[in-house]
Amino acid sequence: MSDEIVFTINGDEVKVDVPADVPLLWVIREELGMMGTKFGCGQALCGACTVHLNGQAVRSCVRPVGSVRGEAILTIEGLADGDQLHPVQQAWIAENVPQCGYCQCGQIMSAVALLEAKPEPTDEDIDAVMSANLCRCGTYPRIRKAIKRAAASMAAAKHGGE
Amino acid sequence: MTTRTSRRTFIKMGMAAGGALMFGCASSGRSAAERAELLEKSGVFSPNAWIKIAPDNTITYVLDKAEMGQGVMTSQAMLIAEELEIDPTTLKVELASADYDAYGMQMTGGSTTIPTTYKPLRVVAAAAREMLVAAAALKLDADERDLEARDGHVVVRGSSKKVPYGALVEIASGLSVPSRPRLKKPEEFKVIGTPVPRLDVPDKVTGRAGFGIDVQLEGMLHAIFIRPPQLDAPVVRVDASEAMKMKGVRDVVPTERGVAVVAERSWQAKRAAERVKVTWGKSAFADLSTEQWRAEHAALLEQPGKGAIDDGDVDAAWERDDLTKLEAVYELPYLAHATLEPQNATAWYKEDGTMEVWVPTQAPTVALDVAAKTADLPNDKVTIHQTLLGGGFGRRSYEDYTVEAVLVSKAVKAPVKVVWTREEDTKLGYFRPSFTVRLRGSVDESGAPVSWDQRIVSQSILGQMTFYGAILPDWLSRGTRSMLGDVTQSFMQSGRINDPTSLEGAVDRPYAIDNYRVDFHAHAVGVRVGFWRSVGNSANAFPVECFIDELAHAAKKDPYTFRRDLLAVDAEAHARHIGVLDLVAKKAGWGEELPEGWGRGIAQHFSFSSYCAHVVVVEMVDRVPHVRRVVSAIDCGRIINPDIVRAQIEGAVIFGLSAALHQEITFANGAVVESNFHDYPILRMHESPEIEVHLVNSSASPTGVGEPGLPPIAPALANAVFDACGKRVRRLPMLAELERLEA
């Protein structure tokens, strides 16, 4: 019996034929061939697998693909608008955040969700949300700075400024 | 393609561990025939193994170092761009495959990239520049002295006439490579010393960056391993009958490292693995436990070890009645690397007797040798493709994952990707070995230290190394290499020669103390140990910088000035130690009042030819230390990219705090206890302090920064905790020890 699961990823509809309890992470990487979402722990402890499910940051390594039937997934590949990088990605570049870079797609996805929920995050807000994402290379100080920078540029854009 | 390393290159080679790594013989440039061939086949001007210039002005450089976050992709680009007179951000980068002929023994580690390439890489770029100028002279029928290279062009001075490098490709390819080109003087630098944005960052924020785990090949299979419940227990029997019926499963392959389940998708392999029945044999480590090795260390502390330093008369000092005496035992655990990208490799053993391997590795030529040996193929039939590394820290030099991918691919005759789970990654370490260090010291009435007696017990890393054969050059026969490797290994393991990596950071003697002894026991446990960021320094700086602090307090002196005075006895030799120490003390406001429950600790350490000091500020909250601020100073000679240096020190601080506060690998019933980030934690955002890094402006020869930031952070933290609450934490990880001290 075919068990096709249909959902939207980065705006495109996809159909996958895998058991419903396969984690979304492996569907994204191995069925769809999209490698930006990373495997780090398989237990939702590190955040490298973070994607958005209907706008909320979730850890795809423990999210069964069957549970996203009909839902909208956003991955790092869908964040930029064509060539135009998301302000969070631009801030990450401006602050030279990444070192090895393996955790950074997950960090960015968490940060984008944070800023959508809290456009002017305090340090406590940043701590609360970003403590779900591990960085072995220790880029936390720069992540914090980049989030604040992105918040400022997003606020300025919203108010029609530069 | 031949893979023979010349004898001349071998003589330039030092041992991989800790020493300066040699730089390939290709600084003499490509031969005329090679240049002509590249021009014809690829249309590029390539005077050496690093630089390729295309007619459309695209300039590519080949990175023969592993980019694992430390920024070599950018720093190497900067060295080339400086002498080649181009904008470094316009360089395209290729990751070098394993190639002895071109790059010698490729290994990235030991904080050696900058010091070993600073001059040689500039030489290859300067040679290319001079060839382009000479080519332009011919093309324009001009005098070379009227020409100069600028911004990717050769320009005629005093005119607007200029020729892009791309237009000179054919002519330049026909010129001979100058062996001693002119290098710029530092006052002429436009690129070196500036914070050029990292070249790898854009791909790392868009998901385009390719790590080893991201390799995809047509027809590729995934292998998941079933591991023994105790270290190295052999496979006795496998019943794969149920698993082989499951969807997508291709094969079940027993190996000496466990049983590989091979399927079209990794989730299929994982499910099938749950249905495989494995009978395991007896493990040689069945009785291994943390209690066991700790007891063995404690017993060894009671006996003299192999001497490393013995000056004056430490025993006589210890007998004196008129001195204040201190004794302390410091204990550091085994540590795992915990790279965020788990270990992985992809191998394709082909029917035509060749093999390709894709692996995130710090040592491509070791991977080549190991892969060829495992597959029983000659080296020249094997290609090792390099990828980006999701962290290295020393772990990615050991190629055990490469062995696994090769074994399985050969068995199933298809491309196979092996990706470890986090549990495997935590448990299958080449761990930083545990260290137990006893210090006995004394100070006299005036507060001057009189004696220092240090006994170190640790498992020798070099005695453990199983890849000596791989790092010896391949013009030695395989048999000879294997024999030399075994001999070296047994010398180290038996303690006949002291393992320099076990002693590094313990024998520098920066502090002037007359009666000084250091001895060492190589404790053979057999657990796989290896290089973990800053190696022996990662452990040895802790007892040294904690005990000097304890002596300072015993002498009723300020810990900063106590150190400074002892360093200043030979102020010239220790000018740079004093430099970083003074800088952090000043910037951290050493001596200023702190609120109740807050404390400051200081530490300095010299490692990998660089000097680093930290001041850590903690606040004790419910008897738990919270690190609020770290002030750091780094002296690494002439700085190539100040932002990258800063980032490396920030990262080392967090890496070191993770270990100092949280991390240990323990053993019970012959197995590693820890498995994932809940029991082998990494510092998180909310625990991360404010970090302020101060760079010493120096014109000394450039030295590395990958590791030097790490050793002084744990002792600075312990010293801060003492300052805050009067408790000496001598056993790491700190939070576990504080709980023990409370109980």
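E82(B) sits in helix α3 (residues 72-84) of chain B. At 1% relative accessibility, E82(B) is buried; buried means under 20% relative accessible area, exposed over 50% and partly exposed in between, with a 1.4 Å probe and protein chains only. Helices are DSSP runs of H or I with at least four residues, strands are runs of E with at least two, and both are numbered from the N terminus.

This is a predicted model, in which local features need pLDDT of at least 70, side-chain atom pairs count only at pLDDT 80 or more, and totals for chains, interfaces and linings use all residues. Residues are numbered from 1 along each chain as its sequence is written, chains are lettered from A and ligands numbered from 1 in the order in which they are written, and side-chain values use heavy atoms, with hydrogens and water left out.

- The side chain of E82(B) reaches two backbone nitrogens: that of K190(B) at 2.9 Å and that of V191(B) at 2.7 Å.
- Setting aside residues up to four places away in sequence, E82(B) touches K184(B), E188(B), F189(B), K190(B), V191(B) and I192(B). Contact here means heavy atoms within 4.5 Å.
- R227(B) lies in the loop between β7 and β8 (235-239) of chain B. R227(B) is buried, with a relative accessible area of 16%.
- The R227(B) side chain makes a polar contact of 2.8 Å with the side chain of E404(B). Another, of 2.6 Å, joins the side chains of R227(B) and E424(B).
- A polar contact is a pair of N or O atoms within 3.5 Å; within protein, one must be able to donate a hydrogen and the other to accept it, and residues adjacent in sequence count only if both atoms are side-chain atoms.
- Beyond its neighbours within four places in sequence, R227(B) is in contact with R257(B), W280(B), E404(B), W420(B), E424(B) and L428(B).

**Helix α21 of chain B**

- Helix α21(B) covers residues 642-662. Its 21 residues should span 30 Å at 1.5 Å a residue, and its end C-alpha atoms are 30 Å apart, which agrees. The expected span is 1.5 Å times one less than the number of residues.
- Of those 21 residues, 20 are buried, so α21(B) is largely enclosed by the rest of the structure.
- N641(B) caps the N-terminal end of the helix. A side-chain oxygen of N641(B) lies 3.1 Å from the backbone nitrogen of D643(B).

**Helices that pack together**

- Two packed helices are described by the angle between their axes and the distance between the axes. Axes are lines fitted to C-alpha atoms, for helices over the stretch in contact, and angles run from 0 to 180 degrees between N-to-C directions.
- Helix α5 (residues 140-158) of chain A packs with α21(B) at about 115°, with the axes 9 Å apart.
- Y140(A), P141(A) and R142(A) in α5(A) meet D643(B), R646(B), A647(B), E650(B) and I654(B) in α21(B). By class, this contact has 4 nonpolar, no polar and 4 charged residues.
- Ala, Val, Leu, Ile, Met, Phe, Trp, Tyr, Cys and Pro count as nonpolar, Asp, Glu, Lys and Arg as charged, and the others, Gly among them, as polar.
- Within chain B, the axes of α18 (residues 535-554) and α19 (residues 559-568) come within 9 Å and cross at roughly 105°. That makes α18(B) roughly perpendicular to α19(B). Angles under 35 degrees count as roughly parallel, over 145 as roughly antiparallel, 65 to 115 as roughly perpendicular and the rest as oblique.
- The contact of α18(B) with α19(B) has 6 nonpolar, 1 polar and 3 charged residues.

**A covered helix**

- Helix α9 (residues 266-273) of chain B is mostly covered, with 6 of its 8 residues buried.
- What covers the buried residues includes α1 (24-31) of chain A, along with β7 (221-226), α8 (241-244), β9 (249-255) and β10 (258-263) of chain B.

**Backbone features in loops**

- The peptide bond from L732(B) to P733(B) is cis, with omega near 5°. P733(B) is in the loop between α22 (713-725) and α23 (734-742) of chain B.
- S111(B) is not a glycine, yet has a positive phi of about 55°. S111(B) is buried, at 12% relative accessible area.
- D141(B), also not a glycine, has a positive phi near 50°. D141(B) is exposed, at 72%.
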